Amino acid sequence: MVNIILLGPPGAGKGTQAKRLVETRGMVQLSTGDMLREAKTSGTEMGRRVAEVMDRGELVTDEIVIGLIEEKLEQGAPGGFIFDGFPRTLKQADALGALLARRGQGLGAVIEMQVDDAALVARITGRFTCGACGEVYHDQTRPTKVEGTCDSCGSHDLKRRADDNADALKTRLMEYYKKTSPLIGYYYAKGNLSSVDGLAEMDSVAAAIAKILDKA
Ligand code: AP5
């Protein structure tokens, strides 16, 4: 059993690779972005406030996301957790360390997905996802086999995210460089940082991650 973090800017491919690991290794994906998008649709006051922050591309408060993760950790994951989009601040990283330690667990690997900003714009603006099963697609690099139909579950509910536009992406990138990128040094100092080339083909990225996990 190994817990890992996939770390990288918006569009680096964290969600795409996390879904593969769920399929190939029976791990459990904990995406705070997905959890918050679910909260957005809940119709609650908290959901409304979360929606405003997310649609602008800013980070939601540490307290909210740490609370969400704490709840999910209770459910356990015999194959290990994949933290996708969490932690995003030093406070979240400290909280995760403490939550895992309380359960007698730790992190097997923190995998930084390296990409450049120019590629991210193309990735984000071409992305769409299945509203039913969450499968991630791209207009150019990963279109559905049949237009308008999810390859995975057959649903026609294909959507684009409200924050996948040029303005919100600018803010998301600034938030990443200001608040999340310091985690690269943080985990390097702890001795569990590895890096993969996130610009490579999806299968090559998956193979590089598998290599790291086999050694973890
Ligand atoms: P979140 O949902 O986590 O979004 P993100 O970090 O911006 O990451 P993305 O989901 O955009 O990208 P990804 O790396 O998963 O890329 P993907 O695999 O889809 O967060 C959204 C918002 O929620 C935040 O802005 C914030 O407001 C809030 N939030 C979430 N967590 C929070 C936290 N911890 N604290 C505070 N606030 C939080 O790939 C992108 C596209 O590229 C896809 O179309 C895919 O098909 C394609 N692609 C992927 N890999 C490749 C490849 N190798 N080659 C070619 N194309 C590829």
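Entry 1. I took a polar contact to be a pair of N or O atoms within 3.5 Å. I note at the outset that the model is predicted. With that cut-off I looked up the ligand and found one of its oxygen atoms 3.0 Å from a polar backbone atom of Gly-13. I then checked Gly-15, where a backbone N or O atom lies 2.8 Å from a ligand oxygen atom. I recorded 36 residues around the ligand, of which Thr-16, Glu-58, Arg-88, Arg-127 and Tyr-137 come nearest.

**Entry 2. Helix H1.** I next examined H1, residues 14-25. Its twelve residues, at 1.5 Å a residue, should span 16 Å, and I found the end C-alpha atoms 16 Å apart, so the two values agree. I listed Lys-14, Gln-17, Ala-18, Lys-19 and Leu-21 as buried in this helix. The cover over the buried residues of H1 includes strands E1 (4-7), E2, E3 and E4, together with helices H2 and H9 (202-215). Just after H1, I noted a positive phi of about 65° at Gly-26.

**Entry 3. The sheet.** I traced an open sheet of five strands in the order E2-E3-E1-E4-E8, with parallel pairing. Strands E2 (28-31) and E8 (193-197) each have a single partner strand and stand at the edges, so one side of each is left without a neighbour in the sheet. Neighbouring strands are turned against each other by 25° on average, direction ignored. I looked at one pairing in detail: E4 (residues 109-114) and E8 pair in the parallel sense over five bridges. Within E8, Ser-194 is the bridge partner of Ile-111.

I then turned to the helices on this sheet. H2 (residues 32-40) packs on the sheet, touching E2 and E3 (81-84), and its direction makes about 60° with that of E2. H4 (residues 62-74) also touches E2 and E3 as it packs on the sheet; its direction makes about 165° with that of E3.

**Entry 4. Cys-150.** I located Cys-150 in the loop between strand E6 (136-138) and strand E7 (158-159). Its relative accessibility is 3%, and buried means under 20%, so I counted Cys-150 as buried. Leaving out residues up to four places away in sequence, I found that Cys-150 touches Cys-130, Cys-133, Glu-135, Tyr-137, Thr-144, Ser-155 and Leu-158. I also looked up Leu-173, which is 23 residues from Cys-150 in sequence and 29 Å from Cys-150 in space, C-alpha to C-alpha.

Conventions: Residues are numbered from 1 along each chain as its sequence is written. This is a predicted model: local features need pLDDT of at least 70, side-chain atom pairs count only at pLDDT 80 or more; totals for chains, interfaces and linings use all residues. Side-chain values use heavy atoms; hydrogens and water are left out. Two strands pair if DSSP finds at least two bridges between them. Helices (H or I, at least four residues) and strands (E, at least two) are DSSP runs, numbered from the N terminus. Axes are lines fitted to C-alpha atoms, for helices over the stretch in contact, and angles run from 0 to 180 degrees between N-to-C directions. Contact means heavy atoms within 4.5 Å. The expected span of a helix is 1.5 Å times one less than its number of residues. Buried means under 20% relative accessible area, exposed over 50%, partly exposed in between (1.4 Å probe, protein chains only). A residue is near a molecule or strand if one of its heavy atoms lies within 4 Å of it. A polar contact is a pair of N or O atoms within 3.5 Å; within protein, one must be able to donate a hydrogen and the other to accept it, and residues adjacent in sequence count only if both atoms are side-chain atoms.
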